[in-house]
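Here is a short briefing for a first look. Start with the display, then work through the points by topic.

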Amino acid sequence: FVVAETFNSALKRAYDTNSELNAERESINISEQELKVSKSSYLPTITLEGSKSQEETDKLTNRNGSNASITNVDPETRSITITQTLIDFGRGAKLAKSKIGIDLAKANLKKKEQEILFKAADAYIGLISAKEKLTINISNVNLLERQVETDRIRLESGKITLSEVAQSESSLAEAQAKLIQAENNLLTSRLNYENIIGQLNDIENLEKSSIYDLNLPGQLSDAIAISKKSNPDLIIAQLEYEQSKKDTISARSDLAPTAKLSFDRSKSEDLSSTYDEREKDVLKATVTWPFFSGGKNYANLNKNKSTELQKSLLLDNSIKKNQTDVASAWSSYQSNKSLLNSVRAQVDAAEIANEGIVAEYNSGSDRTTLEVIQSNSLLLNAQISLADSEKNYILSQFNLLKSIGLLNSEYLKIK
């Protein structure tokens, strides 16, 4: 029992198992942990500490030189320290940056998802196209082999000349060379398919009929409007700009004071020869203001200001580039759609013309071998163009969907 590999099942397999996509999914987990790290700056820290030592005094003298009595001790100390940051003007910006980081990780995942799904669509459609081209070239070689055989018989009966037979043999050699190229292209397409989507047992399992037209915007203006909200490149540029603003605030806080409050409770035993035990509580408030650090803090602030300006300029560029990319994808989709209809008409006409010319040639009319060869060549080229046009038309739809930011598992309903 053979299970067909439909277009949707191939896309889902790539969505579920592609290593690049799975690696990008981990970025969200990393960002979530970074958020927890940022939140920790608002919570107190608790430190437990303990020590034990053994002291042995070999000699102890008084100031007048006489020997003093020696009492060895083994001091042991246990303490707990609780510290709470009261004022830190940078931790709010760091927390806000971490929250933005989660949205940024999701946007990067969406971008990677679009890239992988487009590659998967290209791999699936490309493999089917390569298989069709191989079939066309095999059929062409078989046709020309029969043509050469027929022409040799006609040569023996004196109906055609030796040069006409040579033309047929030359065309056959060319067709065989193209067949070898088509076989190599099929092998390359299969390897690409397995690299992106996964193992494929049999190319015949692919179903061309399962490839469907996508639900696309009806007008260019609609496509541009959707892209402004959904394009991951735009979202990423916006979020990176927002993060750069938080970095500037954080860098500015390095020039401001910080305040901490700590409480330390300790207990010591066998403290000295004079004291046996001591319990001590220390409440300490600390204010730190970095007055001068060699210019590092000012340089860091200026660096982050420049980065903020850079991200702002990149965001402006992304907004302009987005509109151009969507318009280009829309134009490509429309032109490929028109081209496909033209090529289909070309194939129909080439088939009718070839059938008539071959029939006239076989009936002994004035049709020459060269005319038959030219007719076969025109039909072959038209069939190859049709395979390419069908592939380009489908991929242009996916490219348009990718440019507006809707090439995802939810929109394609492959989850």
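In this predicted model, the side chains of Asn354 and Asn376 form a polar contact at 2.7 Å. Asn354 belongs to helix α7, which covers residues 296–362.

**Around Asn354**
- Asn354 is buried, because its relative accessibility is 10% and the cut-off for buried is under 20%.
- Beyond residues up to four places away in sequence, Asn354 touches Val372, Ser375, Asn376 and Leu379.

**The chain as a whole**
- The chain holds nine helices and four strands.
- Read from the N terminus, the order is α-α-β-β-α-α-α-α-β-β-α-α-α.
- The chain is more spread out than a compact globule, because its radius of gyration is 39 Å, well over the 22 Å that the globule rule gives for 415 residues.
- Along the principal axes, the C-alpha atoms fill a box of roughly 140 × 55 × 45 Å.
- Of contacts between residues at least 6 apart in sequence, 80% join residues at least 24 apart.

**Surface and charge**
- Of the 415 residues in the chain, 36% are buried.
- The chain exposes about 24400 Å², and carbon and sulfur atoms supply 51% of that area.

**Leu200, in a loop**
- Leu200 sits in the loop between α4 (162–196) and α5 (220–230).
- With a relative accessibility of 3%, Leu200 counts as buried.
- Glu5 is 195 residues away from Leu200 along the chain, yet their C-alpha atoms are separated by 8.6 Å.
- Apart from neighbours within four places in sequence, Leu200 is in contact with Leu127, Arg190, Tyr193, Glu194 and Leu206.

**Ser227, in a helix**
- Ser227 is part of helix α5.
- Its relative accessibility is 0%, so Ser227 counts as buried.
- Setting aside neighbours within four places in sequence, Ser227 contacts Leu234, Asn322, Val326, Ser403 and Ile404.

**Leu86, in a strand**
- Leu86 lies in strand β2, which spans residues 76–87.
- Leu86 is partly exposed, because its relative accessible area is 49% and exposed means over 50%.
- The C-alpha atoms of Leu86 and Thr258 are separated by 7.5 Å, although the two residues are 172 apart along the chain.
- Not counting residues up to four places away in sequence, Leu86 touches Arg91, Ala259, Lys260 and Leu261.

- Lys413 is in the segment after α9 (409–412).
- Lys413 is not a glycine, but has a positive phi of about 60°.
- With a relative accessibility of 68%, Lys413 counts as exposed.

Conventions:
Residues are numbered from 1 along each chain as its sequence is written. This is a predicted model: local features need pLDDT of at least 70, side-chain atom pairs count only at pLDDT 80 or more; totals for chains, interfaces and linings use all residues. Side-chain values use heavy atoms; hydrogens and water are left out. Helices (H or I, at least four residues) and strands (E, at least two) are DSSP runs, numbered from the N terminus. The radius of gyration is taken over C-alpha atoms; the globule rule is 2.2 Å times the number of residues to the power 0.38. Buried means under 20% relative accessible area, exposed over 50%, partly exposed in between (1.4 Å probe, protein chains only). Contact means heavy atoms within 4.5 Å. Accessible areas come from the Shrake-Rupley method with a 1.4 Å probe; for residues, only the protein chains shown count as cover. A polar contact is a pair of N or O atoms within 3.5 Å; within protein, one must be able to donate a hydrogen and the other to accept it, and residues adjacent in sequence count only if both atoms are side-chain atoms.
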